Amino acid sequence: MPTDYLWQAPAAALVLGYLLGSIPFGVLLTRLAGAGDLRQIGSGNIGATNVLRTGRKGLAAATLLLDAAKGFVAVWIAERYLGGTGVVAAAAVFLGHLYPVWLRFRGGKGVATLLGVVLALHWPIGLVYAVVWIAMLALLRISSLAGMTAAVTAPLSAAFFGRFDLVLLLLALALLVLWKHRANVDRLISGTEPRVGRKRG
(Lines give C-alpha, C1' and ligand atoms only; values in the text may rest on other atoms or scores of the structure.)
Protein backbone atom coordinates (compact mmCIF):
# COMPACT_ATOMS: atom_id res chain seq x y z
CA MET A 1 0.00 0.00 0.00
CA PRO A 2 1.20 3.57 -0.68
CA THR A 3 0.98 4.47 3.02
CA ASP A 4 3.28 1.57 3.84
CA TYR A 5 5.86 2.84 1.38
CA LEU A 6 6.00 6.17 3.20
CA TRP A 7 7.92 4.52 6.03
CA GLN A 8 9.31 1.45 4.26
CA ALA A 9 11.50 3.40 1.83
CA PRO A 10 13.15 5.61 4.48
CA ALA A 11 13.58 2.59 6.77
CA ALA A 12 15.25 0.65 3.96
CA ALA A 13 17.51 3.62 3.19
CA LEU A 14 18.42 3.86 6.87
CA VAL A 15 19.33 0.18 7.17
CA LEU A 16 21.13 0.07 3.82
CA GLY A 17 23.11 3.20 4.59
CA TYR A 18 24.15 2.11 8.06
CA LEU A 19 25.22 -1.38 6.95
CA LEU A 20 27.25 -0.01 4.03
CA GLY A 21 28.78 2.68 6.18
CA SER A 22 29.80 0.25 8.88
CA ILE A 23 31.99 -1.83 6.56
CA PRO A 24 35.51 -1.11 7.95
CA PHE A 25 37.48 -1.27 4.72
CA GLY A 26 40.70 -0.06 6.35
CA VAL A 27 40.61 -2.86 8.92
CA LEU A 28 39.68 -5.50 6.35
CA LEU A 29 42.30 -4.48 3.78
CA THR A 30 45.18 -4.30 6.25
CA ARG A 31 44.29 -7.69 7.67
CA LEU A 32 44.02 -9.27 4.23
CA ALA A 33 47.38 -7.76 3.29
CA GLY A 34 49.01 -9.11 6.44
CA ALA A 35 49.68 -5.64 7.84
CA GLY A 36 48.13 -6.43 11.20
CA ASP A 37 45.22 -4.93 13.11
CA LEU A 38 44.87 -1.31 12.02
CA ARG A 39 43.36 -0.41 15.39
CA GLN A 40 46.69 -1.24 17.00
CA ILE A 41 48.73 0.90 14.58
CA GLY A 42 49.46 4.62 14.76
CA SER A 43 46.41 6.55 15.94
CA GLY A 44 44.25 3.42 15.94
CA ASN A 45 41.84 5.07 13.51
CA ILE A 46 40.37 2.93 10.71
CA GLY A 47 40.73 5.53 7.96
CA ALA A 48 43.11 5.96 5.05
CA THR A 49 45.54 8.26 6.88
CA ASN A 50 46.22 5.62 9.48
CA VAL A 51 46.47 2.91 6.83
CA LEU A 52 49.23 5.03 5.29
CA ARG A 53 51.19 4.59 8.51
CA THR A 54 51.55 0.90 7.69
CA GLY A 55 53.75 1.96 4.76
CA ARG A 56 51.26 0.57 2.24
CA LYS A 57 50.33 3.49 0.00
CA GLY A 58 48.22 1.27 -2.22
CA LEU A 59 46.17 0.08 0.73
CA ALA A 60 45.70 3.66 1.91
CA ALA A 61 44.47 4.73 -1.52
CA ALA A 62 42.13 1.74 -1.73
CA THR A 63 40.75 2.51 1.73
CA LEU A 64 40.07 6.12 0.78
CA LEU A 65 38.34 5.15 -2.46
CA LEU A 66 36.23 2.42 -0.85
CA ASP A 67 35.21 4.62 2.08
CA ALA A 68 34.13 7.31 -0.40
CA ALA A 69 32.43 4.73 -2.62
CA LYS A 70 30.22 3.37 0.15
CA GLY A 71 28.97 6.88 0.83
CA PHE A 72 28.23 7.45 -2.84
CA VAL A 73 26.60 4.06 -3.42
CA ALA A 74 24.30 4.30 -0.39
CA VAL A 75 22.95 7.69 -1.48
CA TRP A 76 22.72 6.70 -5.15
CA ILE A 77 20.71 3.55 -4.42
CA ALA A 78 18.38 5.40 -2.08
CA GLU A 79 17.79 8.18 -4.59
CA ARG A 80 17.22 5.83 -7.52
CA TYR A 81 15.41 2.87 -5.99
CA LEU A 82 14.06 3.97 -2.60
CA GLY A 83 11.89 6.92 -3.45
CA GLY A 84 14.46 9.68 -3.34
CA THR A 85 15.50 9.00 0.24
CA GLY A 86 19.10 9.95 -0.37
CA VAL A 87 19.25 12.34 2.58
CA VAL A 88 18.28 9.52 4.95
CA ALA A 89 20.88 7.21 3.43
CA ALA A 90 23.49 9.99 3.60
CA ALA A 91 23.05 10.42 7.33
CA ALA A 92 22.92 6.65 7.91
CA VAL A 93 26.01 5.73 5.90
CA PHE A 94 27.99 8.50 7.58
CA LEU A 95 26.92 7.41 11.06
CA GLY A 96 27.64 3.80 10.13
CA HIS A 97 31.21 4.75 9.29
CA LEU A 98 31.70 6.77 12.45
CA TYR A 99 29.99 4.27 14.75
CA PRO A 100 30.07 0.74 13.24
CA VAL A 101 28.40 -1.90 15.37
CA TRP A 102 31.02 -4.48 14.31
CA LEU A 103 33.80 -2.44 15.95
CA ARG A 104 31.92 -1.58 19.14
CA PHE A 105 30.93 1.76 17.62
CA ARG A 106 34.55 2.93 17.29
CA GLY A 107 34.87 3.90 13.65
CA GLY A 108 36.53 6.43 11.41
CA LYS A 109 36.38 10.21 11.20
CA GLY A 110 34.21 10.40 8.10
CA VAL A 111 36.15 12.64 5.71
CA ALA A 112 36.31 10.20 2.78
CA THR A 113 32.79 8.89 3.34
CA LEU A 114 31.45 12.44 3.41
CA LEU A 115 33.13 13.06 0.05
CA GLY A 116 31.17 10.17 -1.46
CA VAL A 117 27.97 11.41 0.13
CA VAL A 118 28.24 14.96 -1.23
CA LEU A 119 29.24 13.74 -4.69
CA ALA A 120 26.06 11.67 -4.82
CA LEU A 121 23.80 14.36 -3.35
CA HIS A 122 25.05 17.20 -5.60
CA TRP A 123 28.28 16.67 -7.50
CA PRO A 124 29.37 20.35 -7.64
CA ILE A 125 29.47 20.36 -3.82
CA GLY A 126 31.59 17.23 -3.98
CA LEU A 127 33.92 18.84 -6.51
CA VAL A 128 34.54 21.83 -4.24
CA TYR A 129 35.03 19.45 -1.31
CA ALA A 130 37.62 17.39 -3.20
CA VAL A 131 39.52 20.43 -4.48
CA VAL A 132 39.71 22.01 -1.02
CA TRP A 133 40.77 18.72 0.58
CA ILE A 134 43.51 18.04 -1.97
CA ALA A 135 44.74 21.65 -2.04
CA MET A 136 44.97 21.91 1.75
CA LEU A 137 46.72 18.57 1.99
CA ALA A 138 49.21 19.53 -0.72
CA LEU A 139 49.95 22.90 0.86
CA LEU A 140 50.11 21.98 4.54
CA ARG A 141 50.52 18.19 4.54
CA ILE A 142 48.31 17.96 7.61
CA SER A 143 45.62 15.38 6.91
CA SER A 144 43.32 16.31 9.78
CA LEU A 145 43.28 20.03 8.95
CA ALA A 146 42.67 19.32 5.26
CA GLY A 147 39.79 16.98 6.07
CA MET A 148 38.14 19.32 8.55
CA THR A 149 38.43 22.27 6.18
CA ALA A 150 36.87 20.26 3.36
CA ALA A 151 34.02 19.14 5.61
CA VAL A 152 33.24 22.73 6.60
CA THR A 153 33.02 23.73 2.94
CA ALA A 154 30.18 21.25 2.33
CA PRO A 155 27.31 23.23 3.92
CA LEU A 156 28.80 26.49 2.63
CA SER A 157 28.94 25.10 -0.91
CA ALA A 158 25.38 23.79 -0.60
CA ALA A 159 24.19 27.30 0.23
CA PHE A 160 26.28 28.79 -2.59
CA PHE A 161 24.76 26.41 -5.16
CA GLY A 162 21.25 27.03 -3.87
CA ARG A 163 20.81 23.60 -2.32
CA PHE A 164 19.38 24.91 0.92
CA ASP A 165 17.63 21.58 1.41
CA LEU A 166 21.06 20.07 2.10
CA VAL A 167 22.57 22.78 4.29
CA LEU A 168 21.36 21.51 7.68
CA LEU A 169 22.30 17.91 6.92
CA LEU A 170 25.79 18.83 5.72
CA LEU A 171 26.27 21.22 8.63
CA ALA A 172 25.43 18.40 11.06
CA LEU A 173 27.80 15.99 9.29
CA ALA A 174 30.57 18.61 9.24
CA LEU A 175 30.15 19.16 12.98
CA LEU A 176 30.48 15.41 13.51
CA VAL A 177 33.70 15.43 11.50
CA LEU A 178 35.02 18.20 13.77
CA TRP A 179 33.92 16.27 16.86
CA LYS A 180 35.73 13.13 15.70
CA HIS A 181 38.85 15.24 15.14
CA ARG A 182 38.84 16.85 18.59
CA ALA A 183 42.11 15.14 19.59
CA ASN A 184 43.65 16.40 16.34
CA VAL A 185 42.48 19.92 17.15
CA ASP A 186 44.24 19.73 20.51
CA ARG A 187 47.45 18.64 18.76
CA LEU A 188 47.09 21.39 16.15
CA ILE A 189 46.83 23.95 18.93
CA SER A 190 49.87 22.52 20.70
CA GLY A 191 51.83 22.22 17.45
CA THR A 192 52.28 18.44 17.73
CA GLU A 193 49.97 17.27 14.96
CA PRO A 194 51.96 15.02 12.58
CA ARG A 195 52.27 15.80 8.88
CA VAL A 196 51.67 13.33 6.10
CA GLY A 197 54.88 11.51 5.27
CA ARG A 198 56.43 12.13 8.66
CA LYS A 199 56.51 9.39 11.28
CA ARG A 200 54.99 10.12 14.62
CA GLY A 201 57.40 10.40 17.48
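Buried means under 20% relative accessible area, exposed means over 50%, and partly exposed lies in between (1.4 Å probe, protein chains only). Keep that scale at hand for this tour of a predicted model, in which local features need pLDDT of at least 70, side-chain atom pairs count only at pLDDT 80 or more, and totals for chains, interfaces and linings use all residues. Residues are numbered from 1 along each chain as its sequence is written, and side-chain values use heavy atoms, with hydrogens and water left out.

**Stop 1: aromatic rings**

Select F161. At 33% relative accessibility, F161 is partly exposed. Rings of Phe, Tyr and Trp (its six-membered ring) pair if their centres lie within 6.5 Å; planes under 30 degrees apart are stacked, over 60 edge-to-face, and the rest tilted.

The structure holds three aromatic pairs. Another one to select is W76 with Y81, also edge-to-face, at 5.8 Å centre to centre and 80 degrees between the planes. W76 is partly exposed, with a relative accessible area of 40%. Y81 is exposed, at 53%.

Now pick W179 and R182. The charged end of R182 sits over the W179 ring, 3.9 Å from its centre. The test is NZ of Lys or CZ of Arg within 6 Å of the ring centre and within 35 degrees of the ring normal.

**Stop 2: helix 4 against helix 6**

Select residues 57-81, helix 4, and residues 111-121, helix 6. Helices (H or I, at least four residues) are DSSP runs, numbered from the N terminus. The two axes come within 7 Å and cross at roughly 35 degrees. Axes are lines fitted to C-alpha atoms, for helices over the stretch in contact, and angles run from 0 to 180 degrees between N-to-C directions. The crossing is right-handed: the near helix is turned clockwise from the far one by less than a right angle.

Show the side chains. On helix 4, the residues that meet helix 6 include L64, F72, V75 and W76. Helix 6 answers with residues including A112, V117 and L121. Contact means heavy atoms within 4.5 Å. By class, this contact has ten nonpolar, three polar and two charged residues. Ala, Val, Leu, Ile, Met, Phe, Trp, Tyr, Cys and Pro count as nonpolar, Asp, Glu, Lys and Arg as charged, and the others, Gly among them, as polar.

**Stop 3: inside helix 6**

Why is helix 6 largely enclosed by the rest of the structure? Nine of its eleven residues are buried. Among them are V111, L114, L115 and V118. The cover includes helix 4, helix 5 (86-98), helix 7 (123-140), helix 8 (143-160) and helix 9 (164-180).

Zoom in on A112, in helix 6. A112 is buried, with a relative accessible area of 12%. Not counting residues up to four places away in sequence, A112 touches L64, D67, A68 and W133.

**Stop 4: helix 2 against helix 4**

Select residues 25-32, helix 2. Helix 2 and helix 4 pack at about 145 degrees, with axes 9 Å apart. F25, G26, L29 and T30 in helix 2 meet L59, A62, T63, L66, D67 and K70 in helix 4. This contact divides into five nonpolar, three polar and two charged residues.

**Last stop: S157**

Select S157, in helix 8. Is S157 buried or exposed? S157 is buried, at 7% relative accessibility. S157 touches I125 and V128, leaving out residues up to four places away in sequence.

Note on methods. Helix = DSSP H or I, 4+ residues; strand = E, 2+ residues; numbered from the N terminus.
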